[in-house]
Amino acid sequence: MSKKILVTGGLGFIGSHTVVELLNAGYEPIIVDNLHNSELKVLDNLTILTGKKIPFYQLDLCQTDAMQTIINEEKNINGIIHFAALKSVNESVNFPLQYYKNNISSLLNVLEACQTYNIQNFVFSSSCTVYGQPEKLPVNELTEYGNIASPYGNTKKIGEEILKDFAQISGKIKVISLRYFNPVGAHSSGLIGELPKGVPSNLVPFITQTAIGKRAELKVFGDDYNTPDGSCIRDFIHVVDLAKAHVKSINYLENLNQNTSFYDDFNVGTGRGTSVLELINCFEEVNQVKLNYKIVGRREGDIENIYAETHKISNVLGWKSELSVSDALKDAWNWEMKL
Ligand code: NAD
Ligand code: WQD
């Protein structure tokens, strides 16, 4: 019998790709999303892509009865992958209460349901933002929390702390926090990808929107950093690889003893740093398009350089990134052209 996995935020960028990989691995994903940052057409495209009708609940997880509604319909949920959150760093600075409320109360409601209905396997979307600017690179999971510059980042740190406390005291809940680096790309089919609302603040959607003519010019924020070409360095991870890390995590948790508590966190990145200017050159080269860009001043709050040490996830979960930054930029461009 295949196992039901509840995917919160499953119509979003990373959630939708994870739904596909769960189906590929023989799981039965169930989606809950309030469509705050996603669209129903993602569900249609998931059906076209996978040939499966995926159960979907349009609910806000901040409502205390949302989980009850799902559980009444879906018996025997075996695990939860919790993507649902607001994710804009900038917006969180201007609307901190909205971010704390949405990201923390939805998490608490989902965890209460785990306790009440004995759902023991839980995967949490965390972020490399919890490290701030690390002193030592590549950054590993033993590194202490850094200077987190935004309410959004705080919700990830607080989320991890809540999960540690809860897992330990529960005696039975098993949790993995995945600290994503910079997820980019799209599904190679061009049917699902990132759907930024308004002006994108992330680099890759800004690049593809500039290349296609939706934006006049890409601004490169700073070329005077202490890096080889002066632009910031990030660890860009293909969203399909990232999605597979969630399947590995669920699989790992399922194979741990029942009725034991467990908490651990893992970096999910490629282990390689790519600078903003390198990424732009790579985009132009693999897609044979010219990008109109200009170097401007630094963006406030940007980290200079961060990339992941990935030994832990590779040794413990047996996961490694397989796709390259070029693959991600090809897929992101294919997605933009089909939008
Ligand atoms: P996304 O906005 O595309 O997806 C999140 C989904 O959650 C959206 O579809 C939204 O409608 C839904 N949602 C939000 N609040 C909800 C609520 N209260 N109830 C029900 N649904 C709700 O974002 P994403 O890029 O797919 O990110 C997924 C997760 O990964 C988030 O937790 C995010 O913080 C985390 N993360 C993202 C990145 C990134 O760069 N994309 C990096 C690190 C961590
Ligand atoms: C990458 C680089 C910019 C746009 C954010 C969150 C982080 C995580 C991932 C969720 C930076 C530069 C960007 C542009 C540019 N999300 N850039 N021109 O800032 O690494 O991380 O998303 O957890 O928490 O902070 O990602 O894509 O915004 O920027 O030059 O128009 O591209 O300065 O160096 P970032 P990003």
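User: Where should I begin with ligand 1, and which residues are the closest to ligand 1?

Analyst: Begin with the shell, that is, the residues that have a heavy atom within 4 Å of the ligand. For ligand 1 in this predicted model, the shell holds 26 residues, and the closest are Asp33, Asn37, Ser38, Phe83 and Tyr152.

User: Which polar side-chain atoms lie by an oxygen atom of ligand 1, and at what distance?

Analyst: The general idea is to look for pairs of N or O atoms within 3.5 Å. Here, a side-chain N or O atom of Asp33 is 2.6 Å from an oxygen atom of ligand 1, while for Asn37 the distance from a side-chain N or O atom to an oxygen atom of the ligand is 2.7 Å. Ser38 also has a polar side-chain atom 2.7 Å from an oxygen atom of ligand 1.

User: How much of ligand 1 does the protein bury?

Analyst: Here the area that the ligand exposes when taken alone is set against what the protein buries: ligand 1 alone exposes 820 Å², and the protein buries 95% of that. Helix H1 (13-24), strand E5 (121-127) and helix H6 (151-170) are the elements that give two or more residues to this shell, and E5 gives the most, with 3 residues.

User: How do the residues of the shell around ligand 1 divide by class?

Analyst: The shell around ligand 1 has 12 nonpolar, 10 polar and 4 charged residues.

User: How many residues surround ligand 2, and which are the closest?

Analyst: Ligand 2 can be read by the steps used above, and its shell holds 18 residues, with Ser127, Tyr152, Lys219, Arg234 and Asp302 the closest. On its own, ligand 2 has 680 Å² of accessible area, of which the protein covers 87%.

User: Which elements give two or more residues to the shell around ligand 2?

Analyst: They are helix H7 (203-212) and strand E8 (218-221), and E8 gives the most, with 4 residues. By class, this shell has 9 nonpolar, 5 polar and 4 charged residues.

User: Is Ser275 buried or exposed, and what does Ser275 touch?

Analyst: With a relative accessibility of 2%, Ser275 counts as buried, and its place is in strand E12 (residues 274-275). Leaving aside residues up to four places away in sequence, Ser275 touches Asp229, Ser231, Cys232 and Ile233, and its side chain makes a polar contact of 2.5 Å with the side chain of Asp229.

User: How many aromatic pairs are there, and how is such a pair read?

Analyst: One reads the distance between the ring centres and the angle between the planes, where an angle over 60 degrees counts as edge-to-face. The structure holds 3 aromatic pairs, and one of them, Tyr252 with Phe262, is tilted, at 5.8 Å centre to centre and 55 degrees between the planes. Tyr252 lies in helix H8 (residues 239-255) and Phe262 in strand E11 (residues 262-268), so this pair ties together parts 10 residues apart in sequence. Tyr252 is partly exposed at 25% relative accessibility, whereas Phe262 is buried at 17%.

Another pair is Phe283 with Trp333, whose ring centres are 5.6 Å apart and whose planes stand at 80 degrees, so the pair is edge-to-face. Because Phe283 lies in helix H9 (residues 276-287) and Trp333 in helix H11 (residues 325-338), the pair ties together parts that are 50 residues apart in sequence. Both Phe283 and Trp333 are buried.

Key: Residues are numbered from 1 along each chain as its sequence is written. Chains are lettered from A and ligands numbered from 1 in the order in which they are written. This is a predicted model: local features need pLDDT of at least 70, side-chain atom pairs count only at pLDDT 80 or more; totals for chains, interfaces and linings use all residues. Side-chain values use heavy atoms; hydrogens and water are left out. Accessible areas come from the Shrake-Rupley method with a 1.4 Å probe; for residues, only the protein chains shown count as cover. Ala, Val, Leu, Ile, Met, Phe, Trp, Tyr, Cys and Pro count as nonpolar, Asp, Glu, Lys and Arg as charged, and the others, Gly among them, as polar. Buried means under 20% relative accessible area, exposed over 50%, partly exposed in between (1.4 Å probe, protein chains only). A polar contact is a pair of N or O atoms within 3.5 Å; within protein, one must be able to donate a hydrogen and the other to accept it, and residues adjacent in sequence count only if both atoms are side-chain atoms. Contact means heavy atoms within 4.5 Å. Rings of Phe, Tyr and Trp (its six-membered ring) pair if their centres lie within 6.5 Å; planes under 30 degrees apart count as stacked, over 60 as edge-to-face and the rest as tilted.
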